Amino acid sequence: MAQQKATNITWHEAVVTAEDREKLLNQKGCVIWFTGLSGSGKSTLANAVGQVLHQQQHHTYVLDGDNVRHGLNKNLGFSPEDREENIRRIGEVAKLFADAGTIVLTAFISPYRTDRDQARALIAEGRFVEVFVDCALEVCEERDTKGLYKKARAGEIKEFTGISAPYEPPLNPEVTVDTAALSIEECAQAVVSVLIKAGLVPAGN
């Protein structure tokens, strides 16, 4: 848990409330947290869900693991401590997006349950949807779209999730999809259906 270093600071309440923003957008600000191994299809699925929601006139934003490491988290590596800080920052950013009324879709390996649970704890009850992109390691390796597994097997990448670093799958995710068994479109529809059932977006939009 990050320590509060700044002192003499005061929280300022906004004049426009979260409820005001959600009424304007006709949706509820929430976090759709995609987790799974590298190559499981997290980013592809997050973008597919974002596209479906966008077509239904919803305001969305995708936070992608690699993209965030190009900017906000460019000073972090892949040690357990840096992975924890990476997810802590993302949780805080996702909270801001959700407070703005946006449906934010985060696509990060986020291998540790504790880190994901801490991200969930930041978000209001019922506004955090964990999506386990459950794809077998051998399938992820076959895809190896970035050539990372090959390098990890050769010892060129240290602390690589699924090979030389652990991945702790969710115990009770709101959604589980197998991208090896279903098409991306089918997986995306499964996620959207859960959002409708949870009342986060209206049905038949």
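In which handedness of crossing does H4 pass H5? The crossing of H4 past H5 is right-handed, where right-handed means that the near helix is turned clockwise from the far one by less than a right angle, and left-handed that it is turned anticlockwise. The structure is a predicted model, in which local features need pLDDT of at least 70 and side-chain atom pairs count only at pLDDT 80 or more, while totals for chains, interfaces and linings use all residues. Residues are numbered from 1 along each chain as its sequence is written, and side-chain values use heavy atoms, with hydrogens and water left out.

Helices (H or I, at least four residues) and strands (E, at least two) are DSSP runs, numbered from the N terminus. Helix H4 covers residues 80-99 and helix H5 residues 113-122; their axes come within 9 Å and cross at roughly 20°. Axes are lines fitted to C-alpha atoms, for helices over the stretch in contact, and angles run from 0 to 180 degrees between N-to-C directions. H4 is therefore roughly parallel to H5; angles under 35 degrees count as roughly parallel, over 145 as roughly antiparallel, 65 to 115 as roughly perpendicular and the rest as oblique. Contact, here and below, means heavy atoms within 4.5 Å. On the H4 side, Arg83, Glu84, Ile87, Gly91, Glu92 and Lys95 meet Asp115, Ala119 and Leu122 of H5. The residues of this contact comprise three nonpolar, one polar and five charged. Ala, Val, Leu, Ile, Met, Phe, Trp, Tyr, Cys and Pro count as nonpolar, Asp, Glu, Lys and Arg as charged, and the others, Gly among them, as polar.

Thr44, Leu45, Ala48, Val49, Val52 and Leu53 of H2 meet Ile184, Cys187, Ala188, Val191, Val192 and Leu195 of H8. In this contact 11 residues are nonpolar, one is polar and none is charged.

The strands form an open sheet of five, in the order S2-S3-S1-S4-S5, with parallel pairing; two strands pair if DSSP finds at least two bridges between them. Strand S2 (60-64) and strand S5 (175-177) are the edge strands, each pairing on one side only. On average, neighbouring strands are turned by 20° against each other, direction ignored. H2 packs on this sheet, touching S1, S2, strand S3 (103-107), S4 and S5, and its direction makes about 165° with that of S3. H4 lies across S1, S2 and S3 and runs at about 145° to S1.

Strand S1 (residues 30-35) and strand S4 (residues 128-133) run parallel and are joined by five bridges. Within S4, Glu130 is the bridge partner of Trp33, and Phe132 is that of Thr35. S4 is also joined to S5 by three bridges, again in parallel, and Val133 stands opposite Val177 in S5. Six of the six residues of S4 are buried, buried meaning under 20% relative accessible area, exposed over 50% and partly exposed in between (1.4 Å probe, protein chains only). Phe128, Glu130 and Phe132 lie on one side of S4, and Val129, Val131 and Val133 on the other.

Arg116 is located in helix H5. Arg116 is buried, with a relative accessible area of 2%. Not counting residues up to four places away in sequence, the residues that Arg116 touches include Trp33, Thr35, Phe128, Glu130 and Tyr167.
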